[in-house]
Amino acid sequence: MQSRVVAMEEGKAPVVAAAKLSQPKPLPSRLLQILFFLVLALGVALVSLNMLRYFRYKDVVQTINSGFLLCEEEPLGLERWIRPPAKLMHSMNETELFWRASFVPHIKEYPFVRTPKIAFMFLTKGPLPFAPLWERFFKGHDKFYSIYVHPTPSYTANYTKDSVFYERQIPSQVAEWGRMSMCEAEKRLLANALLDISNEWFVLLSESCIPLYNMSTVYSYISQSSHSFMGSYDEPGPYGRGRYDWHMAPEVNITDWRKGSQWFEVDRKLALDMVIDTTYYPKFRDFCRPACYVDEHYFPTMLTIRSPNLLANRSFTYVDWSRGGPHPATFGQHDISAPFLRRIALSKTCTYNGESTSFCFLFARKFAPSALEPLLKLDSEVLGF
């Protein structure tokens with residue numbers, strides 16, 4: 001009996017030991033560390049992937065906003081070279097802009113369907129008071145024009161999305177009348193317009209300009225002309241040669257000195273010549289200052305030296321200097337009538353493609369904002385739109 005009790009008592013120890021052995025053993029610390037680092041690495045990878053997607057999307061959005069891409073990845077092939085900027089505001093400085101605008105295809109036959117456009121370039125102080133009239137002028141002709149507006153830098157336009165002027169403002173700087181900064185603003189407009197390979201002709205207008213004919217007539221007149229319309233003439237008096245400075249020689253001699261209207265139309269070749277010029281620019285910058293008004297002399301003289309055979313030597317923007325003084329006459333609401341517009345449209349005889357014609361002016365200035373309402377009330381047959 002005692003031996004059986006002892007055996008039972010002695011047998012307890014093995015039972016307890018067996019119970020202890022049946023419990024799971026703790027994992028070694030090294031294995032735990034490996035598992036921890038695997039989980040940590042997986043988490044970091046997931047976070048990195050999401051961050052990569054986020055920043056890639058953010059970069060693409062930023063690129064789209066800069067106006068040079070329209071999709072997540074840069075287009076391959078010819079499309080990247082022929083697509084115009086989606087937006088005109090960009091971060092290029094002037095040196096970068098002029099360099100980019102100087103790209104020229106040397107093969108004249110385009111390997112894609114190209115509709116040549118007229119770039120309408122508005123050099124303004126602020127708003128465009130005749131925007132509603134221009135809206136009517138452009139309506140229905142989207143494929144044949146593009147618009148660029150250079151205002152005073154402090155001005156921000158607020159056109160609605162359905163306006164042809166919506167987001168057509170370019171990066172601008174202060175432009176002073178009679179100063180080189182005015183010609184620099186014109187170069188800035190030309191350079192931005194040259195970024196669109198489809199722009200073939202470039203028309204400079206002010207906020208006081210109005211069209212005298214419809215868009216179809218204007219397009220035909222410009223596209224079928226064998227010359228560009230920039231006034232360039234030799235005036236021997238004090239307001240012509242009298243403004244010449246002998247320090248401009250030998251690049252510019254007095255026999256080369258020309259005068260003309262600031263408001264012009266040029267083709268793509270001449271626009272490029274105007275943007276890339278570094279030969280004549282410093283001479284006019286340094287030696288043509290009031291009472292030498294550089295915007296009347298720089299481009300007419302420079303292009304007469306470089307490409308005289310391409311100029312019509314006249315402007316096609318009407319202006320009335322008959323009242324005398326440093327500024328032309330301004331037309332207000334009481335001047336506007338159908339006979340008045342017909343009269344100024346046919347007020348001169350000129351040459352077009354070697355033939356004499358009375359069809360000389362496509363635009364007119366200077367019109368006061370008060371002229372807008374009576375202009376809009378005119379019958380569409382008067383202006384053709």
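Predicted model: local features only at pLDDT ≥ 70, side-chain atom pairs only at ≥ 80, totals over all residues.
**Stop 1: a surface patch.** Start by selecting L31, I34, L35 and L38, which make a nonpolar surface patch of about 350 Å². Now pick out I34 and show helix α2, residues 29-66, where I34 lies. Is I34 buried, exposed or partly exposed? Its relative accessibility is 44%, so I34 counts as partly exposed.

**Stop 2: two packed helices.** Next, select helix α8 (residues 268-276) together with helix α10 (residues 298-306). Their axes are 11 Å apart, and the helices pack at an angle of about 115°. Angles of 65 to 115 degrees count as roughly perpendicular, and α8 and α10 are therefore roughly perpendicular to each other. Turn the view to follow the crossing of α8 past α10, which is right-handed.

**Stop 3: two cis peptide bonds.** Go to P290 and A291, which are joined by a cis peptide bond with omega of about 15°. A291 sits in the loop between α9 (281-287) and α10. Then select R365 and K366: the peptide bond from R365 to K366 is also cis, with omega near 0°. You will find K366 in the loop between β9 (363-364) and α12 (372-377).

**Stop 4: two asparagines.** Select N313 in the loop between α10 and β6 (317-318). N313 is not a glycine, yet its phi is positive, about 60°. With a relative accessible area of 41%, N313 is partly exposed. Finish at N353, in the loop between β7 (350-352) and β8 (355-357). N353, also not a glycine, has a positive phi of about 50°, and its relative accessible area of 34% makes N353 partly exposed.

Technical notes:
Residues numbered from 1 in each chain as written. Heavy atoms only, no water. Patch = residues over 30% accessible without salt bridge, like charges linked within 9 Å, V, L, I, M, F, W, Y side chains within 5 Å. Areas by Shrake-Rupley, 256 points an atom, 1.4 Å probe, with all protein chains shown as cover. Salt bridge = Lys/Arg side-chain N within 4 Å of Asp/Glu carboxyl O. Helix = DSSP H or I, 4+ residues; strand = E, 2+ residues; numbered from the N terminus. Buried < 20%, exposed > 50% of the residue type's maximum accessible area, 1.4 Å probe, protein only. Axes fitted to C-alpha atoms, helices over the stretch in contact; angles between N-to-C directions. Parallel < 35°, antiparallel > 145°, perpendicular 65-115°, else oblique. Left-handed = near helix turned anticlockwise from the far one by under 90°.
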